[in-house]
Amino acid sequence: MRQAGASYGDIRIREDRKEHVNVQNGRPEHIAVDRSAGFGVRVIVDGAWGFFGTHRLEESALEPAVRQAAAIARASARPPQATRAARARAREPVVLAPVEPARGFYETPHEVDPFQVPLEEKLALLEAATRAMRGPNLKLAQAFASSYLAHQHFASTEGARLEQRILQCGGGIAATAIAGGDMQVRSYPNSFRGNFATGGWEFVRAMRLGEEAPRVADEAEALLAAPPCPQGRRTIVLDGGQLALQVHESCGHPIELDRVLGMELSYAGDSFLTTDKLGAFQYGSPAVNIVADTTVRGGLGTFGWDDEGVPAQRTPIVEAGRFVGYLTSRETAPAVGRTSSGAMRASGWHRIPLIRMTNVNLLPGSAGRLEDLLAATDDGLYLATNKSWSIDNKRLNFQFGTEMCREIKGGKFGAIYKNATYTGLTPEFWGSCDAVCGPEAWQLWGTPNCGKGEPSQTARVGHGTAPARFQSVQVGVRA
Amino acid sequence: MNPAEREARLLEVGSDLVRRSPADETEVALSEGTSLLTRFSRNLIHQNVGTEEVWAGVRVVTAKRVGVATASSLREEALRGALEEAMAIAKASEPVADWPGLPPPRPVEKIASYDAATAEMSADVRADLAGEIIAAARAKRAEAAGAVEIEESTLAVISSRGVAAAHSHTRVQVHTVVTCEDGSGYAEGLSTHAADLKGRAIGRRAAAKAAESRRPRAIEPGRYDVILEPPAVGEWLEYLSYIAFSGKNFAEGRSPLSGKLGERVTGPDVTIWDNALSPRTIPQALDYEGMPKERLTLISCGVAKAVGTNFHRARRLRKRRSSGSALPSSVSYECLPLHLFMKGGTSSAERLVKDTKRGLLVTRFHYTNILDPLKTVLTGMTRDGTFLVENGEVVGPVRNLRYTENVLEALGRIDGLSRRVALVRGPMVAPTVRIRQVQFTGATEF
């Protein structure tokens, strides 16, 4: 890399293995194993980045890949023809925040390697769960399990030498009831294939999918017959799973500093959390405390080092409602006078690391268990399990739909409603949070499908949440 | 890279693996190609990447038990590993009672969609194309963000039933968001040939829109007549492909077209078809089962006509042959039509504005998502140029709004379509349309 003119360079040699098992109505519906291996070279030449990745895992492919990356970097560095005459703004060379070059090995703590579990055992677990879902209108009883292994070697011209084996898995069930032109889905433990964690197959076994299956099917049937969610401004309590996606969309994405600096503008947009707001902006109520934590056991964003070799750490994001921190990289952190928060992650050898969510966690509050929070709520709605999501390109106006909605009356659950939605503006919404359940109700949720960047990358990220209450939220938006 | 040579090599590699397979039936899909992307923001290139990739999908069938595995290399050990893993999955699976066998071969038309000059476009030339957009933005004292993306790729499918087909293509995609104070504008270009795209023109379109959308005023959510430009229409088409035109969703009762073929599902002005063979899109000759792509009418004058299928799904739906909509066998969605066209009308974008008493002109949507697939209820935001139209004139920009709308119902309220259609990301080919009384349910602060 030095010979190619790089002032900095790194290489990631990575092998990914994925397994997806889908069971539908008691039978295997789709099973696939994907393997991908290759390496990606990232260099800074003449103050600009270049990256080249190749599937050719052979020594003779190294030098051409470095040459390609360097040529790409040089093209980034020079003013393009069309702008030369237009007195192009001088490029400021990329400057990386310092990091101690690390050497070491990290492996996800786990009990049972999911890739060592026989496929027959996985199918038996999932098939039993789907057979336990029954109902007159139940058209689809589905169960899912997925396992992921990323084995990566990282080396940099600064002297870092790292090896990591990140193991992730998860699963879930979904019941789909269809009748009279209506379709209702109920899922457990979360929608869109379930819940996910770093860890072993013990995580899936502990879900007890078969035991939850009858309830899930009954609730899908009940939703078919339920009236639609009422419209108006209401007190709402969000379950942990829905709250995880609320954190994801309205906090996790807007604190990505590359997005704040405009680097994602033309794709998924930028952020209302501009750098002038750092340390000064009231993001939410005093009940709202958020951290980005890559050290917490079990989170989908838990690892030893990020893809720039920055060690795992815990970064305050919101303290007592005040916005205090970003997810950053070595390139972007200096823009706010800080060092990297260790949030650079690539979805594979073939993609450049981007600032991604790690585990962006809403810290537990003091409202006890969910039952305690419900008991302390006289009149409201309980919304559970995400069904749809959408947010504007500065991450202000959002709208979510949930699978389940329960009336709360006098501290107790009442009627079931279907097609629940709620909408709001991010700071106003988090400003209305007046209670977060305590550590006894706090758990990590895995979001395995976070999209960002061009070329598109899908990241698996974590969110710790406990159920929380929000006042005067607009509910019941419908077509 | 000579695409003919690569097609021949992939066919040979695939045939060899099929020959060595111990399965009753074996299908090998191989793709190989390079993708290059230059990304810019605030008038500077900030990300610039290239990747050469291989994807190998192996599907085996033994005693009607199906197994699928993939690899990312053409190396012997990788391909053999994928074959062994697919065999192991098949062994653990249950027989598929109605398995019709892998599809028999059908002639695949040769389509010219590979441009060597595009495939060989250097990082310097990509930077120059980005520079043209940036220069156009600068001329308006604005800033450009966006990307120039080049892809060249070959897909080859070989099977023990005798399928042996290959197709190569190039694709260049350019898009930009130009910001000018608090205004923003969008423009894009898409082609098989880089020479077709003029960076300065794309940059000027986005910059002009950005300048016009400065100082937007807030308006109340509610029902408005809308004029949707092609990128907005294309986004709805993309969602319809997934929720309505998927053969799998259709068969499972999850499509709004389930049980409604032959029935009116939207307005008489709506005709939508899939045609990956057309030179007006990014042509693709075959699907991932090696079946030829076909022109498939999905909705004709508001009446549901068909959904996209692979071979197995087609047989389950009592169709003789697949529509050529198979996705890679490792993808659980199975089949989707991905090259949609919406028929234009007799008007023009300008005329649609002139004929509007009060309404909104929408450049594009952002973060659309599904609220109710059976009723095609979608929600999303407007973005990068939303304007109020009064008495046939664009009177000024407005802050972005959230729509929540039943899309098939909304398309039933179309009262004007432009004759001219545009190729937009997807790839989708769409006109500008005017729709009465689209529901906007919220607003944002910019």
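1. The chain contact comes first: 77 residues of chain B are in contact with 67 residues of chain A, contact being C-beta atoms, placed from the backbone, within 7 Å. On the chain B side, β2(B) gives the largest share, eleven residues. That side divides into 28 nonpolar, 32 polar and 17 charged residues. Here Ala, Val, Leu, Ile, Met, Phe, Trp, Tyr, Cys and Pro are nonpolar, Asp, Glu, Lys and Arg charged, and the others, Gly among them, polar.

2. The model is predicted: local features need pLDDT of at least 70, side-chain atom pairs count only at pLDDT 80 or more, and totals for chains, interfaces and linings use all residues. Residues are numbered from 1 along each chain as its sequence is written, while chains are lettered from A and ligands numbered from 1 in the order in which they are written.

3. β2(B) also pairs with strand β3 (residues 48-54) of chain A, parallel, over four bridges. Pairing requires at least two DSSP bridges. In β2(B), B:T51 is the bridge partner of A:G53.

4. Helix α2 of chain B (residues 76-92) has 17 residues, which at 1.5 Å a residue should span 24 Å; its end C-alpha atoms are 24 Å apart, in agreement. The expected span is 1.5 Å times one less than the number of residues. Its buried residues include B:L79, B:L83 and B:M87; buried means 20 or more other C-beta atoms within 10 Å of the residue's own, C-beta atoms being placed from the backbone. Their cover includes β2 (27-45) and α3 (119-131) of chain A.

5. Chain A has nine helices and 23 strands, read as DSSP runs (H or I, at least four residues; E, at least two) numbered from the N terminus. Buried residues make up 61% of its 479 residues.

Definitions and conventions
A residue is buried if 20 or more other C-beta atoms lie within 10 Å of its own, exposed if 12 or fewer, and partly exposed in between; C-beta atoms are placed from the backbone. Two residues are in contact if their C-beta atoms, placed from the backbone, lie within 7 Å.
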